[in-house]
Amino acid sequence: MDFYIGWSHSDAIFCDYFPTCPVLISAIPDNRGGVKKYRNKPKKLILDCGSVFYVKQKSRPPLKDVFDIQLSILEDCDSTAKIQMVHFDEPLLNKTSLSERYMAIERTLFNAYEYLNLFNKYELPKFVQPMGVIQGYDQASIEFSAYELIKMGYENFGIGSLLFKHQTEQIEMIRRAVDVVGSANLHVFGVTGIPQLHAMVDIGVKSFDSTRPTMAAAFFQVFYSRPFRTFFLSESRAKPTSPRLENPLHCECPVCEINAKQIFIPSPREYMKLRSVHNYYHLLRTFKDILENKQRRGEHVVPNVLRARN
Ligand SMILES: [Zn+2]
């Protein structure tokens, strides 16, 4: 199971610190040429369509424009990478009425169909695969969306529009999608919470992405792990929803190994980037611990057949 770090042109280059780190990049104009700056090119990459960005614009870009940005980022990648390209989806986030939601799902499916035609026309190398976005607001709409994508010919899937939903509802929606497409083929977009990490590990999805290490760093937060904790920098003026910390704790991340005090400097942005690398290290470590715990528990489970004999 892979943790993709969401990356944008002004963020830290996580692959320079963690060479195998999977990355998700949105196809927005400013991210064009971004991978050129990477010393270590991503080994696993999801080229998202940037719909959350475009949905704030007055009009949607033509599908071909988004595809062209994806292709330009693709050109900067190694041919040994595993790359998935995502079609344009119409987010459900700001849709409240049933008809609006239904139209967004229909629109996304239409885009998925058009995108696959475009993708096939370009005869991209085998290491590049298209990903279909499953959308829905309840069990029936998620199943409908997933089955339609399968009919079109998609083999890799992502589930979106989970932000701002309660975690039990998020997990329920992931399970519904998994019932149709299989856990080994499903990516979960935009995950932030530790309870969701536990649930996704239990379900065994293929991958997920998060921008939380960068977002938290920008809001003057630092993470630590074992156990997972968040702190505000003591100089932050944010409302103290988590405890504040004045001095760094022990940390073996690539940044703190050089100088742990750097992550406590609020700005300029270079320090925010270092803080995000430190935060990524702790979120990744927390995720890996959850994964290993699950695997260890699995090894100790007595098969049902044996249990029945006792
Ligand atoms: Zn650190």
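## Reading the loops, core and domains

Student: Which loop holds the place of Pro268?

Tutor: Pro268 sits in the loop between helix 9 (256-259) and helix 10. Helices (H or I, at least four residues) and strands (E, at least two) are DSSP runs, numbered from the N terminus. Residue numbers start from 1 along each chain as its sequence is written. This is a predicted model, so local features need pLDDT of at least 70 and side-chain atom pairs count only at pLDDT 80 or more, while totals for chains, interfaces and linings use all residues.

Student: What kind of peptide bond joins Ser267 and Pro268?

Tutor: Here is the background first: most residues other than glycine have a negative phi, and most peptide bonds are trans. The bond between Ser267 and Pro268 is cis, with omega about 5 degrees. Another cis bond runs from Arg226 to Pro227, with omega near 0 degrees. Pro227 is placed in the loop between strand 9 (221-224) and strand 10 (229-233).

Student: And phi: what value does Phe220 have?

Tutor: Phe220 has a positive phi near 60 degrees, though it is a residue other than glycine. It lies in the loop between helix 8 (212-218) and strand 9. Glu123 also has a positive phi, about 45 degrees, without being a glycine, and its loop runs between helix 4 and strand 5.

Student: Is Phe220 buried or exposed?

Tutor: Count C-beta atoms, placed from the backbone: a residue is buried if 20 or more others lie within 10 Å of its own, exposed if 12 or fewer, and partly exposed in between. Phe220 has 20 such neighbours, so it counts as buried. Glu123 has 6, so it counts as exposed.

Student: How do I read the faces of helix 3? Which of its residues are buried?

Tutor: In helix 3, the buried residues are Val66, Phe67, Ile69, Gln70, Ile73 and Leu74. Seen down the helix 3 axis, they fall within an arc of 155 degrees (taken from the directions from the axis to the C-beta atoms), so they line one face. Lys64 and Glu75, on the other side of helix 3, are exposed.

Student: Now the core: which residues touch the most other members?

Tutor: Nonpolar side chains tend to be buried together in soluble globular proteins. A nonpolar core is a set of buried Ala, Val, Leu, Ile, Met, Phe, Trp, Tyr and Cys residues joined through C-beta atoms within 7 Å. The largest one here has 79 residues, and Phe14, Val23, Leu47, Phe157, Ile174, Ala177 and Val188 touch the most other members. Helix 10 (residues 269-300) gives the most to this core, seven residues. Domain 1 (2-210) and domain 2 (224-297) both contribute, so the core lies between them; the domain bounds come from an automatic or database domain assignment.

Student: How many residues of domain 1 are in contact with domain 2?

Tutor: Contact is defined by C-beta atoms, placed from the backbone, within 7 Å. By that rule, twelve residues of domain 1 are in contact with 13 residues of domain 2. On the domain 1 side, strand 1 (2-7), helix 1 (14-17) and helix 7 (194-203) each supply at least two residues. The C-alpha centres of the two domains lie 27 Å apart.

Key
Two residues are in contact if their C-beta atoms, placed from the backbone, lie within 7 Å.
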